[in-house]
Amino acid sequence: MTKKNFQIGKLSNCQIRRTANSTIRQFNNSTILIILLLALFTIAATQSRFDQVGHTLMCTCGCNEILLECNHVGCPNSDGMRLRLASMVKDGASTDAIYHDFIAEYGNIVVASPIGGGFNRVAWIMPFAVLFAGLIGVGVVAKRWHHPATTATNPLPVEDDLKLEPFRQQARNETEE
């Protein structure tokens, strides 16, 4: 062996090729790993969005269940609705577009939670507001019944009080006897 092979920083052609191939292999493996992770995150995001939207829609078969939780055997609606939701999420439709499409097809009964504003929001808030106002009203009435309004201790004018004094004296005399 010659002294050249043992010098630091000197590599043979075979060693250079092995190092280059190893670097290329590492780069390829890293690229494949990144692509797989991105695909996995995309699938997870799509599934998450499917779950999110699916839990805000109702099954329309009359079971009064959330669409993704409708589990009775032979449901005529939930399978088709789930497939339609999955295809819309896969196609990249916005959440509002999905809601509007389902409402156009099945009516407002398909919505499990309020969307948007206007009358829908009022329709969801009013029962709670009326209940709260009723509780306040019952509290006020109960407080008034428990603590009646105080009356004046001497409602008569002074001159009327002086006119009644002889009658009071007579009542005292008759009760003492």
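Modeller: Serine 78 is found in helix 2, which spans residues 78–90, where helices are DSSP runs of H or I with at least four residues, strands are runs of E with at least two, and both are numbered from the N terminus. This is a predicted model, in which local features need pLDDT of at least 70 and side-chain atom pairs count only at pLDDT 80 or more, while totals for chains, interfaces and linings use all residues. Residues are numbered from 1 along each chain as its sequence is written, and side-chain values use heavy atoms, with hydrogens and water left out.

Serine 78 counts as buried because its relative accessibility is 3%; buried means under 20% relative accessible area, exposed over 50%, and partly exposed in between, with a 1.4 Å probe and protein chains only. Once its neighbours within four places in sequence are set aside, serine 78 is in contact with Cys59, Leu67 and Cys70, contact meaning heavy atoms within 4.5 Å.

As for the chain as a whole, its secondary structure comes to five helices and zero strands, which follow the pattern α-α-α-α-α along the sequence. Of its 177 residues, 14% count as buried, and among contacts between residues at least 6 apart in sequence, 35% join residues at least 24 apart.
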